[in-house]
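Notebook open, structure loaded. I'm jotting down what I looked up, entry by entry.

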Amino acid sequence: MLRKVLPTFISVLVSVALFITFLSIFASGNPVVEQVWQWIVTRWNELVIYLNISWDFAYHLIYWAVGILVFGIYAHKRPFAPLPVNQPIKPQQGTTLLPQLPLYSLIGINAAFLVATSTDIAYLWFKNIPEGITQTAYLHDGADSITWAAILAALVLIFLFRRNGIARQSMGAKIAGYLLVIQTFLLAASVYLRLYYQICDYGFTTRRILAGEFLLLGLAGLVILVFYMACEGNFRKFAKICMGCMLLMVIAGGIITPSRLAADLNMCFMSSNPHWEFEQRDFSYGRFSETSNLHFAEMIYRQSPNRHMARNLISAAEDIIAKEQIGGWTSFTLNHYYDLPAAERILADPSIRMMADGIDDEGLFRAN
């Protein structure tokens, strides 16, 4: 009786622990999930107070649970009755200490994902923000916690659905595994929505372009994970496919850098989004770079001339012209091709040179 009940009990405890772990991760970046987390904590504290459970009792309970688990591992696959003399011990094949652990573990993780997924669909997707939660905190934040939870869930699935994993022998575990992948896809859509809301309010930045590219790589990883689960589970084979996707992403990022792409998209959509504000500080703080997109930097400078930015524009323009004079196929890039007209225009504009030197139109030195 104990051998049947104990594995189930341990599997349920692991399921609850995984549920709490993943829910706390979601709650760290999602204010709606944080409210659910606080409700669970409040109900748990009320139950502890009602049952009058002390820390000493909890410590004893943990000691007993750990002791039973260690004894179960030690006694696993050992015979109950003594065997006849000279009869070899035949190891049991296809058995495991916790046969229900994969299913219960996936149930616990799915339950935590369900809280985050359902609340995002109900509130984020329809912009129906609950009372007491700021729109910016919910619509813009929370992507980091979802990313970490998705990575941990993917690692769990890779482990459980390895080639000889017991999860492959359980139909319930397979269903729970595919359900977890579906929920991860839905949360990825929520991250894209948060990214979309950020761009609509503040415009494109290098960081947001990078986030979008990594999310695209993550979606490709989820598709590969589905094939890994459905096929024989050859980890090396699918790891090579993932590395190939990463290599393609790196090559694409080298052809058109995220900074270049962000600046070009801003220039394309600024007319339809007049509330976007870009200034010289965006280049000083590393959100953009004059050398990555000189055309965009020139446009921002002409909106609000600044001595420091004028110097940076001239320096970047001189570098581009120097590469053009050197020639050679190694100096030819898309950035160089697009920024060359802007570099020639900047160096031919005396007002930018005068601003960089601190001289106004009347030949007087500026203080700044």
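Ground rule for burial: I call a residue buried under 20% relative accessible area, exposed over 50%, and partly exposed in between (1.4 Å probe, protein chains only). Helices are DSSP runs (H or I, at least four residues), numbered from the N terminus.

Housekeeping: this is a predicted model, so I note that local features need pLDDT of at least 70 and side-chain atom pairs count only at pLDDT 80 or more, while totals for chains, interfaces and linings use all residues. Residues are numbered from 1 along each chain as its sequence is written, and side-chain values use heavy atoms, with hydrogens and water left out.

**Entry: helix α13**

I started with α13, residues 307-326. Its buried residues include M309, A310, L313 and I314, and I also found A316, A317, I320 and I321 buried there. Then I checked its length. The expected span is 1.5 Å times one less than the number of residues.

**Entry: salt bridges**

My rule here is a side-chain nitrogen of Lys or Arg within 4 Å of a carboxyl oxygen of Asp or Glu. How many salt bridges does this rule give? I get eight.

I followed R260 next. R260 is buried, at 3% relative accessible area. D264 is partly exposed at 27%.

R260 also has a salt bridge with D339, where the closest N and O atoms are 2.9 Å apart. D339 is in helix α14 (residues 334-347) and R260 in helix α10, so this pair ties together parts 79 residues apart in sequence. Is D339 buried or exposed? It is buried, with 0% relative accessibility.

R302 and E298 make a salt bridge, with 3.1 Å between the closest N and O atoms. I place both in helix α12 (residues 294-303), four residues apart, about one turn of the helix. R302 is partly exposed at 40%, whereas E298 is buried at 3%. Through shared partners, salt bridges join E298, R302, R345 and D349 into one network.

D349 counts as buried, at 16% relative accessibility. Its side chain makes a polar contact of 3.0 Å with that of R302. By polar contact I mean a pair of N or O atoms within 3.5 Å; within protein, one must be able to donate a hydrogen and the other to accept it, and residues adjacent in sequence count only if both atoms are side-chain atoms.

**Entry: F113**

F113 is in helix α4 (residues 101-124) and is buried at 0% relative accessibility. What does F113 touch, leaving out residues up to four places away in sequence? With contact meaning heavy atoms within 4.5 Å, I list F22, F26, A149, A150, A153, L180, Q183, T184 and L187. F113 and T184 are 71 residues apart in sequence, yet 7.8 Å apart in space, C-alpha to C-alpha.

**Entry: surface patch**

Last, I turned to the outside. L247, L248, I251, I255 and I256 form a nonpolar surface patch, with about 480 Å² of accessible area together. Areas come from the Shrake-Rupley method with a 1.4 Å probe, and for residues only the protein chains shown count as cover. Patch residues have over 30% relative accessible area and no salt bridge; like charges are joined within 9 Å, nonpolar side chains (Val, Leu, Ile, Met, Phe, Trp, Tyr) within 5 Å. L247 lies in helix α9 (residues 235-255) and is exposed, at 52%.

Key: Helix = DSSP H or I, 4+ residues; strand = E, 2+ residues; numbered from the N terminus.
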